[in-house]
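Here is a briefing on one structure. Please look over the sequence and the model before reading on.

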Amino acid sequence: MRLPAGVRDWLPHELARKREIEQQMRAVFGRWAYEELQTPIVERFDVLERGLGEEASELLFQFNDRRSTALALRPEMTTPVARLVSTRMREAPLPLRLAYIAPVFRYYEQPQEGRMRELTQAGVELIGAAGIDADAETLFMAIEGLDEIGLRDARFDINDARVVDGILDGVGLDGDAARDAKELIKVRNLVGLRKFDRPALVEFAQRRGRHDAIERARGICRTPESREALDELDAMLERADALGYRERVTVDFALLRDLEYYTGFLFEGYVEEIGFSLCGGGRYDSLLPKFGFDVPAVGWTAGVERLLIALERRGKHVRRRRHRIDVLVAGSDVVAARERAAGNVVRYAGSDLGDEALLEEARAYGIPRVVIALDGTVRELRVGRRMDELPVPRTPSNWDAR
Amino acid sequence: MSKPPEAPRDGLTIAMPKGALYRDAAARLRAAGIDVPDDVGRKLTVTTADGTTLLFLRPTDVPAYVEFGSADCGIVGKDVLWETDRNVAELADLGFGYCRLVVAARRIDRYHEGAPFPTFLRVATKFTRSAESFFAERDLPVELIPLHGSVELSPLVGLADLIVDLVATGSTLREHDLVIVEEIAESTARFVVNPVRFRAKYDALIALLDRLTAVPA
């Protein structure tokens with residue numbers, strides 16, 4: 001009766017915490033005028049490969065249907081959303097602001113905490129909008145999202161893929177050498193980068209900063225794309241400062257995200273206690289063109305389980321609200337239906353229980369009223385709020401506290 | 001969900017490899033101003049006067065502690081990084097702990113002089129990941145036999161045709177009349193950090209990196 005590796009169950013009290021975070025994220029998405037959508041968990045393999053590239057498709061859970069069509073579970077939501085938008089929403093007025101909170105699947109060889117094979121992503125895509133305003137919208141929404149769930153000290157590092165290319169060009173690397181160097185930058189392997197004998201390369205992969213770091217990069221970046229990107233990072237810092245985020249946003253020129261499709265602005269959010277990033281995103285202008293729809297796009301996503309780990313690790317549990325029940329009803333479907341119609345949460349009790357047993361049950365679940373409809377009469381008992389005198393009941397919400 | 005012990009907020013937590021690398025690693029950290037004990041005995045952790053926490057680990061466990069952020073950074077051989085394939089940032093080659101990962105065989109088999117391999121090779125090793133990718137790149141089908149110690153015995157008693165093992169001086173090979181067939185890679189000790197902690201504790205980690213690399217190797 002075992003579960004497969006890398007997936008987990010959610011007991012009611014655990015799911016309640018997860019849902020709370022999801023609701024908070026959903027509220028942020030709504031405030032920024034994003035609409036939630038849903039796509040199938042299963043996609044055709046070729047669609048996912050088209051979006052993710054060959055390398056990332058190694059992470060897929062793959063299988064065939066009975067006609068041998070190659071299928072896979074989606075490992076992230078950006079590619080399915082790109083497929084959907086480029087097929088079904090081409091005529092919609094741009095820009096589109098789309099959000100999702102959805103399970104995704106990755107075939108990690110060694111699944112572990114923070115790297116499960118099934119995870120929940122909460123994120124958004126802003127499609128059909130180029131430029132720094134759209135980039136800034138995603139970054140600031142992500143900061144508000146982490147604020148909303150109580151991670152107000154989360155910090156964010158930003159970069160731009162065009163600057164990385166500009167630095168590689170500036171130190172005279174191109175072709176395979178530039179590609180190899182980029183892989184090393186992504187994992188911040190300074191030992192590997194030193195072998196290129198370009199001290200500036202190591203320097204940029206190592207030194208984070210703010211306007212000072214951008215100024216240094218101006219000394220080496222010559223391509224117009226990278227110089228424009230540096231101006232935008234400068235402006236992004238200023239916009240962040242104006243919102244009071246000065247201490248929370250830093251430039252890191254070695255920040256490159258795993259997926260291949262990023263083309264411009266990039267960011268990741270993190271807190272000190274957790275060794276994984278909590279959220280991240282960026283611009284992926286080349287993704288929708290791969291689906292035949294030539295529009296720019298930018299987006300970000302957060303790992304809901306990682307947010308939960310972050311909150312739990314700092315003892316900041318999401319409010320452990322007991323499931324609220326308004327009334328315990330014994331003996332009458334009609335009375336129970338009336339209570340429900342009035343908007344109350346109703347728990348059915350056995351009609352063979354005496355008053356004392358009913359009161360005990362009500363107290364155990366924190367139910368304020370008991371309605372007993374027996375022998376043609378309806379009686380209501382008030383339950384005294386004497387929870388502190390009672391032994392702690394074994395309800396799902398405190399199983400893990402045993 | 002069990003709660004891992006929280007790393008202290010001020011000082012760094014450093015994962016230290018017990019065993020062959022320990023003395024050099026400790027000496028290098030001492031030169032960088034961290035009060036590391038000579039001998040760890042049976043202790044699992046020590047917090048120094050300046051608030052640095054040291055975790056004393058099996059070398060192969062160092063990358064996992066760093067990847068998860070249970071340690072901010074650590075010192076570990078490159079050979080262990082190949083085998084564990086953990087997501088850690090490799091910031092510096094510390095130079096000590098030099099050894100080579102090699103393919104070796106009995107001298108009398110003459111593989112080192114170009115004698116053809118049997119069509120299906122049996123390879124004994126503690127380094128299964130590295131061995132697997134080495135032979136896969138050469139399109140050589142092999143049966144890997146994972147062992148945990150005294151790998152040099154296996155060709156002598158007919159368990160394996162070849163071994164893949166670490167060689168520091170080569171004396172162990174010579175003792176058993178084994179020879180190097182091919183060198184796979186060279187390994188030295190590396191300073192590794194957790195990728196997110198690198199940002200979160202940037203100033204402290206950069207200062208440590210600078211002090212570690214300022215010392216002549």
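Contact here means heavy atoms within 4.5 Å. By that rule, and leaving aside neighbours within four places in sequence, Glu43(A) is in contact with Leu48(A), Leu71(A), Ala72(A), Pro80(A) and Arg83(A). The model is predicted.

**Glu43(A)**

- Glu43(A) belongs to strand β2 of chain A, residues 42-44.
- Glu43(A) has a relative accessibility of 5%. Buried means under 20%, so Glu43(A) counts as buried.
- The side chains of Glu43(A) and Arg83(A) make a polar contact at 2.7 Å.
- Arg83(A) is also among the contacts of Glu43(A) listed above.

**Backbone geometry**

- Most residues other than glycine have a negative phi, and most peptide bonds are trans.
- The peptide bond between Leu94(A) and Pro95(A) is cis, with omega about -5°.
- Pro95(A) sits in the chain A loop between α3 (78-88) and β5 (96-105).
- Ala33(A) is not a glycine, yet its phi is positive, about 70°.
- The loop that holds Ala33(A) runs between α1 (12-31) and β1 (35-36) of chain A.
- Ala33(A) counts as exposed because its relative accessibility is 52%, where exposed means over 50%.
- Arg110(B) also has a positive phi, about 60°, although it is not a glycine.
- In chain B, Arg110(B) lies in the loop between β6 (99-106) and β7 (121-125).
- The relative accessible area of Arg110(B) is 48%, so this residue is partly exposed.

**Interface of chain A and chain B**

- On chain A, 29 residues are in contact with 29 residues of chain B.
- The two chains bury about 2700 Å² between them. Carbon and sulfur atoms carry 47% of that area.
- There are 4 salt bridges between chain A and chain B.
- One salt bridge joins Arg207(A) to Asp210(B), with the closest N and O atoms 3.6 Å apart.
- On the chain A side, the elements that give two or more residues are β7 (155-160), α7 (190-194), β9 (265-270) and α12 (304-313).
- α7(A) gives the most to this side, with 3 residues.
- Which kinds of residue make up the side of chain A that touches chain B? They divide into 8 nonpolar, 5 polar and 16 charged.

**Aromatic groups**

- Over all chains, the count comes to 11 aromatic pairs.
- Phe29(A) and Trp300(A) form an edge-to-face pair, 6.0 Å centre to centre, with 75° between the planes.
- Phe29(A) is in helix α1 and Trp300(A) in strand β11 (residues 297-303), so the pair ties together parts of chain A that are 271 residues apart in sequence.
- Phe29(A) and Trp300(A) are both buried.
- In chain B, Phe134(B) and Phe135(B) also pair edge-to-face. Their centres are 5.2 Å apart, and the angle between the planes is 85°.
- Phe134(B) and Phe135(B) are buried as well.
- Phe156(A), Phe265(A) and Phe267(A) make up one aromatic cluster.

**Helix α14(A)**

- An α-helix has 3.6 residues a turn, so residues three or four places apart point the same way.
- α14 of chain A covers residues 355-364, and its buried residues are Leu358(A), Leu359(A), Glu361(A), Ala362(A) and Arg363(A).
- These buried residues pack against four strands of chain A: β12 (327-330), β13 (346-349), β14 (369-374) and β15 (377-382).
- Gly366(A) follows α14(A) and has a positive phi, near 65°.

**Gly11(B)**

- Gly11(B) lies in the segment before β1 (13-17) of chain B.
- Is Gly11(B) buried or exposed? Gly11(B) is buried, because its relative accessible area is 11%, and buried means under 20%.
- Gly11(B) and Thr53(B) are 42 residues apart along the chain, and their C-alpha atoms are separated by 7.0 Å.
- Leaving aside neighbours within four places in sequence, Gly11(B) is in contact with Gly51(B), Asp72(B) and Lys201(B).

How values were computed: Residues are numbered from 1 along each chain as its sequence is written. Chains are lettered from A and ligands numbered from 1 in the order in which they are written. This is a predicted model: local features need pLDDT of at least 70, side-chain atom pairs count only at pLDDT 80 or more; totals for chains, interfaces and linings use all residues. Side-chain values use heavy atoms; hydrogens and water are left out. Buried means under 20% relative accessible area, exposed over 50%, partly exposed in between (1.4 Å probe, protein chains only). Buried area is the accessible area (1.4 Å probe) that two parts lose on being put together, summed over both. A salt bridge is a side-chain nitrogen of Lys or Arg within 4 Å of a carboxyl oxygen of Asp or Glu. Ala, Val, Leu, Ile, Met, Phe, Trp, Tyr, Cys and Pro count as nonpolar, Asp, Glu, Lys and Arg as charged, and the others, Gly among them, as polar. A polar contact is a pair of N or O atoms within 3.5 Å; within protein, one must be able to donate a hydrogen and the other to accept it, and residues adjacent in sequence count only if both atoms are side-chain atoms. Rings of Phe, Tyr and Trp (its six-membered ring) pair if their centres lie within 6.5 Å; planes under 30 degrees apart count as stacked, over 60 as edge-to-face and the rest as tilted.
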